[in-house]
Amino acid sequence: MKKKRCVCGVDLGGTKTATALIDFHGNIHHKTKKKTDVSDGAKSVMAGIVGMIRDEFEYADNHEMIVNAIGMGSGGCIDKDKGVVSYATSVFPGWIGMPIKDILQKEFDVPVSIDNDGKVTALGEGWIGAAKGVENFVCIAVGTGVTSGIVISGELYRGYGGYAGEIGHASIEMNGVECDCGNYGCLDAYVGASSIIKRVTKALKKGVKTKINDKIKGDLAKVTPQIVFESAQEGDEFALSVLAEVSKYLGVGIANLINTLNPELIVLSGGLAQAGELLLKFVRPAVKQRINVQATGQINIKLTKLGEEAGVIGAAALAITNMEQS
Ligand SMILES: [Zn+2]
């Protein structure tokens, strides 16, 4: 029997790492998800990734599949030709300089492609997701941090040093709070997961009345953005106010992007997209307030179609695109 060709997609995020076996049509045949543990340093994170990929190769071997390439999306700025992390914030201690491509190529002996997770996610949405068939769009991923992938005329825009799309570190408050990157007032510091958790725990300590308290049973360490969004969807007033505020800041960031690039479509992905239609309800007016629709044309803002799988599917899209080009 002829073995089914597939690629291994790897999505390294600040809180979780996912690997998957994906065929050339974007179907996922096997998937594994684990917590990203950065407490033992970058080498241990890398060893964890190698172990997860090895398991995928083994699964492929046992199920009449063959892995033709590995694609990976990682936080931070990636030198995609060398496959080395050229910049990362303190979310990934010791990640700068990590020769990911070399390590994986030596270990698995297949072509390896790596890029920033935001860019990779945009590739996935353009391949089989919410931006399929759209030539000019920006995919914004809001999770632990905020990043984006910019697609212009069907091509991913990387910028001079590969840093294009790092909207999370665009300042939206000149004298705002300090960000992990050392700058002040970054979008990341207002809409990233840790900023949501910080805001909510502070209010809980002050005794705010909210369903969130019942869900975490008084244990502040259990506050997650997901619990906040869930409570907002159930109509909890405090949770709704948090989501509204986050959306307002995100709206400023999106409006800045639209005023710079005038894309046809904005796709929202990452953990924040789990807030669903409610998120769009808050974000759309916040964006509209700051753009001139007469000048830009009607801008579409949509939620990811790939949900949690956007990262691994995008990583597969990267691997397949590079295979086709080589
Ligand atoms: Zn920053």
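Me: Which residue is the bridge partner of S74 in β7?

Reply: The bridge partner of S74 in β7 is N116. This is a predicted model, in which local features need pLDDT of at least 70 and side-chain atom pairs count only at pLDDT 80 or more, while totals for chains, interfaces and linings use all residues. Residues are numbered from 1 along each chain as its sequence is written, and side-chain values use heavy atoms, leaving out hydrogens and water.

Me: What makes β4 and β7 a pair?

Reply: Two strands pair if DSSP finds at least two bridges between them. Five bridges join β4 (residues 65–74) to β7, and the two run parallel, so they meet the rule. Strands here are DSSP runs (E, at least two residues) and helices are runs of H or I of at least four, both numbered from the N terminus.

Me: Why are β3 and β7 called edge strands?

Reply: β3 (28–35) and β7 (112–116) each pair on one side only. They belong to an open sheet of five strands with mixed pairing, in the order β3-β2-β1-β4-β7. The twist in this sheet averages 15° from one strand to the next.

Me: Which helices pack on this sheet?

Reply: Helix α1 (residues 42–62) lies across β1 (4–12), β2 (16–23), β3 and β4, at about 25° to β2. α3 touches β1, β2, β4 and β7, and its direction makes about 105° with that of β7. Contact means heavy atoms within 4.5 Å; angles run from 0 to 180 degrees between N-to-C directions, with axes fitted to C-alpha atoms, for helices over the stretch in contact.

Me: What leaves one side of β10 and of β12 without a neighbour in the other sheet?

Reply: That open sheet has five strands in the order β10-β9-β8-β11-β12, again with mixed pairing. β10 (155–157) and β12 (300–303) are at its edges with a single partner strand each, so one side of each has no neighbour in the sheet. Three bridges join β9 (residues 146–152) to β10, running antiparallel; I152 has E155 of β10 as its bridge partner. Helix α3 (residues 117–128) also packs on this sheet, touching β8 (137–142), β9, β10 and β11 (265–269).

Me: Why is W95 called buried?

Reply: Buried means under 20% relative accessible area, exposed over 50%, and partly exposed in between, with a 1.4 Å probe and protein chains only. W95 has 1% relative accessibility, so W95 counts as buried. The residue is in the loop between β6 (84–87) and α2 (100–108). Leaving aside neighbours within four places in sequence, its contacts include L12, M46, I49, M72 and V85.

Me: Is T296 buried or exposed, and what puts it in that class?

Reply: T296 counts as buried because its relative accessibility is 16%. T296 lies in helix α10 (residues 293–296) and touches I258, N262 and I291, not counting residues up to four places away in sequence.

Me: How are α5 and α8 placed relative to each other?

Reply: The axes of α5 (residues 193–205) and α8 (residues 237–261) come within 11 Å and cross at roughly 145°. The contact is made by I196, R199, V200 and A203 of α5 and F238, V242, E245 and V246 of α8.
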